[in-house]
Amino acid sequence: MSLRMRLTLLYTGVLSMILLILSSVLLLATSHILHREIDENIASRAASVIKSIRIEDSLFLREVVLPDVDVFAAPDTYLQMVNARGRVVSRSNNLGRQYLPLSEYTLRSALQGQKFYETVRAGEQEIRVYNVPLVVDGQLVGILQVGRALSTVNTLLARLRFFVITGGAMAVTLAGILGWFLAKTALNPVERIIQTASSIESGGDLSKRIETDRAPDELSRLAKTLNAMFERLENMYHRLQESYELQRRFVSDASHELRTPLTTIRGNAELLLKIQNPDSTLAREALEDIAGEARRLTRLVEDLLALARADAGYELEKEVVPLESLLQDISKKARFMAGDRELALNNLCPPATMIKVNSVYFEQLILILLDNAFKYAPPGTAVSLTVQIQREGRLELAVADRGPGLAPGEENRIFDRFYRGEGTRGKEGSGLGLAIARWIVNQHGGYINAANRPGGGSVFTVSLPVIQ
């Protein structure tokens, strides 16, 4: 059963119950009022009759003179008097040949001096009868019965019941029809939600959104919540697409990068196996090529492992270490990488500066930037590493060289995996170093950017919130 049908049935069911309760109360109240009015009317007539009874005394007898009951009768009101033995002594002419029923219970109750009402049936009609004992000098001399036909009241109540039932049925039917259309109107936003969700499910277009009304009701809030969820799904989908594209490029580029050193190693090894009279110089060159490509392959695998950790959500553990000792160790290792370039270390921080970093990856970050600078700096030039504390309490590292600089638009792309710019053609490297550097910086809550230096060259700046 649809929600629209359930709501309509709920509306009509509640309305039917309310109408049933109100109709029952109305009918009971009307019946009670009409019967009470009849009781009061016949009781008033009985009192008038009793007041008209006279007692006449003669020389030897005391006689009770009864009034003419026809005077007090009406078309639907009947009077009857019976003596103590139950014999009718007087009755109104409108009774015709009939008598008001007198049961043994009525006679016995009247003999006990009780006044009471009862509803009896005379012929085919119901009569409301008021029984009043007639007592003279403490002695019961008869019973006065005043009755009134209930046909008029029953007819009125029957008509009232008919109108109430008919009106109630029409009201319930009308409420059902209106409830059906109201439910449709109320559920229009739900229908829009279903259509939009079905459209997204069938078409795969996550950019679609549910139209929301301005009224801040529950359905509007539901639509806004679903729109927010669709937006998150769309963002996640795009990120997955980008991740898939990066993974595809990663596999392709990694395969290419791994193929080159493996081919070199295999070729040189096969050459050594084919030489019958190995020449020491040729063998040494082949072995040097094998060793160099093996080192390159090792670095590539280490870089791939670092990026795999980054993709897996690996979190670096940090500790508080002195900055000066870290820079000294980095300077010693960097000088072996410099070749015919010079390293100019400018530590502008106080001697006792402490930083909270992962010392292994912090050292790898700086060595990646220095290696990149040594690679593109002209021979005989200097690469500078400047470390200072900014006013905001952050540590700033700047690695600058006098190389060819960055091509326009490469400032951000050089941090992508395996990206190799035009100026890197013929240079050794896998294109993973700067991507790893950016991951290390992000792990420390900082940021890194690249720019060209005035007068030539490039500068890489790192800012870390690690000052203690």
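**Helices and sheets in a predicted model**

Biologist: In this predicted model, at what angle do the axes of helix α8 and helix α10 cross?

Modeller: Helix α8 covers residues 359–376 and helix α10 covers residues 433–443. Their axes come within 9 Å of each other. The angle at which they cross is roughly 140°.

Biologist: Which word describes how α8 and α10 lie to each other?

Modeller: Angles over 145 degrees would count as roughly antiparallel, and 65 to 115 as roughly perpendicular. The crossing of α8 and α10 is at roughly 140°. The two helices are therefore oblique.

Biologist: Is the crossing of α8 and α10 left-handed or right-handed?

Modeller: Handedness describes which way one helix is turned against the other. For α8 passing α10, the crossing is left-handed.

Biologist: How many nonpolar residues are in the contact of α8 with α10?

Modeller: On the α8 side, the residues are Y361, Q364, L365, I368 and L369. They meet G433, L434, I436, A437, W439, I440 and V441 in α10. Sorted by class, this contact has no charged residues and 2 polar ones. The number of nonpolar residues is 10.

Biologist: How many of the 11 residues of α10 are buried?

Modeller: A residue is buried if its relative accessible area is under 20%. In α10 the buried residues are L434, A435, I436, A437, W439, I440, V441 and Q443. The helix is largely enclosed by the rest of the structure, because the number of its residues that are buried is 8.

Biologist: Which residue with a positive phi follows α10?

Modeller: The phi of this residue is near 75°. The residue is G445.

Biologist: How many charged residues are in the contact of α7 with α8?

Modeller: The axes of α7 and α8 are 10 Å apart and pack at an angle of about 35°, in a right-handed crossing. In α7 the residues in contact include L326, I330 and K333, and in α8 they include F362, E363 and D371. By class, the contact has 11 nonpolar residues and 1 polar residue. The number of charged residues is 3.

Biologist: What is the bridge partner of N449 in β14?

Modeller: Strand β14 spans residues 458–464 and runs antiparallel to β13. The two strands are joined by 6 bridges. In β14, the partner of N449 is T461.

Biologist: Which residues form the covered face of strand β10?

Modeller: In a regular strand, side chains alternate between the two faces of the sheet. Strand β10 covers residues 354–357, and its uncovered face has M354 and K356. The covered face has I355 and V357.

Biologist: What is the bridge partner of P322 in β10?

Modeller: Strand β8 (residues 319–322) runs antiparallel to β10, and 4 bridges join them. The partner of P322 is M354.

Biologist: By how much are neighbouring strands turned in the sheet β4-β3-β7-β6-β5?

Modeller: This open sheet has 5 strands with antiparallel pairing. Its edge strands are β4 (88–91) and β5 (116–122).

Biologist: Which residue in β7 is the bridge partner of T77?

Modeller: Strand β3 (residues 77–83) and strand β7 (residues 139–149) run antiparallel and are joined by 7 bridges. The partner of T77 is R148.

Biologist: Is V14 buried, partly exposed or exposed?

Modeller: V14 is found in helix α1 (residues 3–51). Buried means under 20% relative accessible area, and exposed means over 50%. The value for V14 is 42%, so V14 is partly exposed.

Biologist: What percentage of the 468 residues in the protein is buried?

Modeller: The protein has 10 helices and 14 strands. Across its residues, the buried share is 36%.

Methods
Residues numbered from 1 in each chain as written. Predicted model: local features only at pLDDT ≥ 70, side-chain atom pairs only at ≥ 80, totals over all residues. Heavy atoms only, no water. Axes fitted to C-alpha atoms, helices over the stretch in contact; angles between N-to-C directions. Parallel < 35°, antiparallel > 145°, perpendicular 65-115°, else oblique. Contact = heavy atoms within 4.5 Å. Nonpolar A, V, L, I, M, F, W, Y, C, P; charged D, E, K, R; others polar. Pairing = 2+ DSSP bridges. Buried < 20%, exposed > 50% of the residue type's maximum accessible area, 1.4 Å probe, protein only.
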